[in-house]
Amino acid sequence: MMHDTEPQTAGGKMLWHFSMSLDGFVAGPDHEMDWMNRATAGRPGIVDEYVSTLGAVLGGREGWDFAADDQRPYGGLWEGPIFVLTHHPDDAKPADGVTFLNCDVAEAARIVLAAAGGKNVEVHSPTIGRQLLERGLIDEIDLHIVPVLLGRGRRLYDNPGGVPVHLHLVNSDDPTAEVNLRYRPA
C-alpha cells in the first residue's frame, strides 16, 4: 500500500529536489519556469516543511545564469547559503549569500553539507544531481509531479548510454512498487 510521503525532516541529507512535469522535465528549453505558474495544490504546510529543514542549496552555473535577479528558493521564504558549482567563477554574476565553487562535485557536496549545519542540502541542478547520484552521494530524490506535459526542456535525469538506476519507493510497504497516476486533460 502506498501512502503520502512523511514530512521532510532536517537530517543532514543530500536531497535531489525538484518539481517536475509528468514527462520528466524540471525546466523548459531555456530554463523557463513559467509552466509552474499555473496554480497546483500541494499538501498543506509543505512549503514551510521544506523551508524549515533546508540548510543550504547546491546549484549549477547554467541554471544560475538563467535565474531571475536575486531569486531565492521558496519565493524568498528561505534565507541561507547558496552554492553554485562552476568551472568559471570569475565571470559569475555575484549575489549576497551566494558562493561560487570551482571544484570536484564530491568536494562541493562536502562543503555544502558542512555549511548546512545539520540541515538538508537541496540539489537544484539536473547535471549535478546526476553526478552526485553516480558517486553514491544522493540520499533521496524528492519529486513533486506537476500535472503538465512539457514535451521538451531540461530533463531531471539525462544520461544517454548509461545504465538504469533502480530506486526504492520510500512511502510504500513495497519499496519496488510502481506508482499509478491517472490524469485527464484539463
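Me: What makes the side chains of His 31 and Glu 62 a polar contact?
Reply: Their separation is 3.4 Å, and a polar contact is a pair of N or O atoms within 3.5 Å, where within protein one must be able to donate a hydrogen and the other to accept it, and residues adjacent in sequence count only if both atoms are side-chain atoms. The model is predicted, with local features needing pLDDT of at least 70 and side-chain atom pairs counting only at pLDDT 80 or more, while totals for chains, interfaces and linings use all residues. Residues are numbered from 1 along each chain as its sequence is written, and side-chain values use heavy atoms, with hydrogens and water left out.

Me: How do you know on which side of helix 3 the buried residues lie?
Reply: Val 105, Ala 106, Ala 108, Ala 109 and Val 112 are the buried residues of helix 3 (residues 105-115). They cover an arc of only 155° around the axis, so they are on the same side of helix 3; the arc is that of the directions from the helix axis to the C-beta atoms. The face turned away from this buried side carries the exposed Arg 110 and Ala 114.

Me: What caps the N-terminal end of helix 3?
Reply: Asp 104 does, with a side-chain oxygen 2.9 Å from the backbone nitrogen of Ala 106. After helix 3 comes Gly 117, whose phi is positive, near 60°.

Me: Which elements do the buried residues of helix 3 pack against?
Reply: They pack against strand 1 (14-21), strand 3 (54-60), strand 4 (82-85), strand 5 (98-101), strand 6 (120-124) and helix 4 (126-134).

Me: Why are strand 5 and strand 7 called edge strands?
Reply: The open sheet has 6 strands in the order 5-4-3-6-1-7, with parallel pairing. Strand 5 and strand 7 (140-146) each pair on one side only; two strands pair if DSSP finds at least two bridges between them. Strand 3 and strand 4, which run parallel, are joined by 4 bridges.

Terms used: Buried means under 20% relative accessible area, exposed over 50%, partly exposed in between (1.4 Å probe, protein chains only). Helices (H or I, at least four residues) and strands (E, at least two) are DSSP runs, numbered from the N terminus. Contact means heavy atoms within 4.5 Å.
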